[in-house]
Amino acid sequence: MASLLHLHFIFLIAFLLISPAISNNCSSSPAPISGNTHFVDCTDLPSLKSSLHWTYNSTNSTLSIAFVAPLPSSDGWISWGINPIKPSMIGTQCLIAFKTSNGSMIVNTYNLTSYTSITQTDKLLFKVLNSKAEYSNGVMQILATLVLPSNMTTVNQVWQVGPMVKDGSPVAHKFDPDNLKSKGTLNLTTSSGGDGKNATAPVPAGGDGQNDNKTGGSSRIWSNNTSFYVFIMFLGVLFF
């Protein structure tokens, strides 16, 4: 009897771990590089072979994201941002990640004012609680937690990749069709799990001691379901 109960317990754990309402994985785009990250939702972006993993907390208007994209070259850069007016490059306030000359990763914030120039600035529509860049096997990702204006239900997102960085500044990207269509609208009120409810952010804004607006922030963004899984597994070890 004990072995039969043990088998049932194993099936229960397997079901919870693969349930799509709990773990939403993009089907074709790169997964987050860090193995210790977890997000409520994931979106296969329609261009640049990229994906956005995200969790929105409507209580404190925080949006935690991992933007993942393959680099066009080893010296390239990636970017993800929000346009407060419309899904368009001009007017986008964004995070751009790249390798510095000493090989370290950095994330800077920019205001895109034209197709030929960008302005590095810390004055954005949204506050960046933390940001971090990671790189592995030709794929780069931006991990960040942002504080959005209250009652925002959708964001105009713009993403991009570029070929190189010169003198600490990203060089202009290509204007191929794939680059030009890298924009869209992200609905914050509908979970990809299909329940139509606001997702609950796993990390309270400003409550985890994360660094502000630069590369040192923690990337441990866990779902509230994680504690539940650990508790169930503990019971299995205790009683079986």
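# Reading a predicted fold

Q: Is threonine 92 buried or exposed?
A: Threonine 92 is buried, with a relative accessible area of 0%. Buried means under 20% relative accessible area, exposed over 50%, partly exposed in between (1.4 Å probe, protein chains only).

Q: What kind of model is this, and how are residues numbered?
A: It is a predicted model, with residues numbered from 1 along each chain as its sequence is written. Local features need pLDDT of at least 70, side-chain atom pairs count only at pLDDT 80 or more, totals for chains, interfaces and linings use all residues, and side-chain values use heavy atoms, with hydrogens and water left out.

Q: Where does threonine 92 lie, and which residues does it contact?
A: Contact means heavy atoms within 4.5 Å. Threonine 92 sits in the loop between β4 and β5. Beyond its neighbours within four places in sequence, threonine 92 is in contact with Gly81, Ile82, Asn83, Tyr110, Asn111, Leu112 and Val158. Its side chain also reaches the backbone oxygen of methionine 89 at 3.0 Å.

Q: How many helices and strands does the protein chain have?
A: Helices (H or I, at least four residues) and strands (E, at least two) are DSSP runs, numbered from the N terminus. Here there are three helices and 13 strands.

Q: In what order do the five strands of the open sheet stand?
A: Two strands pair if DSSP finds at least two bridges between them. The order is β1-β2-β3-β9-β8, with antiparallel pairing. β1 (41-44) and β8 stand at the edges with a single partner strand each, so one side of each has no neighbour in the sheet.

Q: How many bridges join β2 and β3?
A: These two strands pair in the antiparallel sense over seven bridges. Take serine 51: its bridge partner in β3 is valine 68.

Q: Which residues have the most contacts inside the largest nonpolar core?
A: In soluble globular proteins, nonpolar side chains tend to be buried together. A nonpolar core is a set of buried Ala, Val, Leu, Ile, Met, Phe, Trp, Tyr and Cys residues joined through side-chain atoms within 4.5 Å. The largest one here has 32 residues; Ile65, Phe67, Ile78, Trp80, Leu146, Leu148 and Leu188 have the most contacts inside it. Elements giving two or more residues include β2 (51-57), β3 (62-70) and β4 (77-83). Another core, of eight residues, lies apart from it, and Cys94, Phe98, Tyr110 and Leu112 are among its members.

Q: What share of the 240 residues counts as buried?
A: The share is 45%.

Terms used. A polar contact is a pair of N or O atoms within 3.5 Å; within protein, one must be able to donate a hydrogen and the other to accept it, and residues adjacent in sequence count only if both atoms are side-chain atoms.
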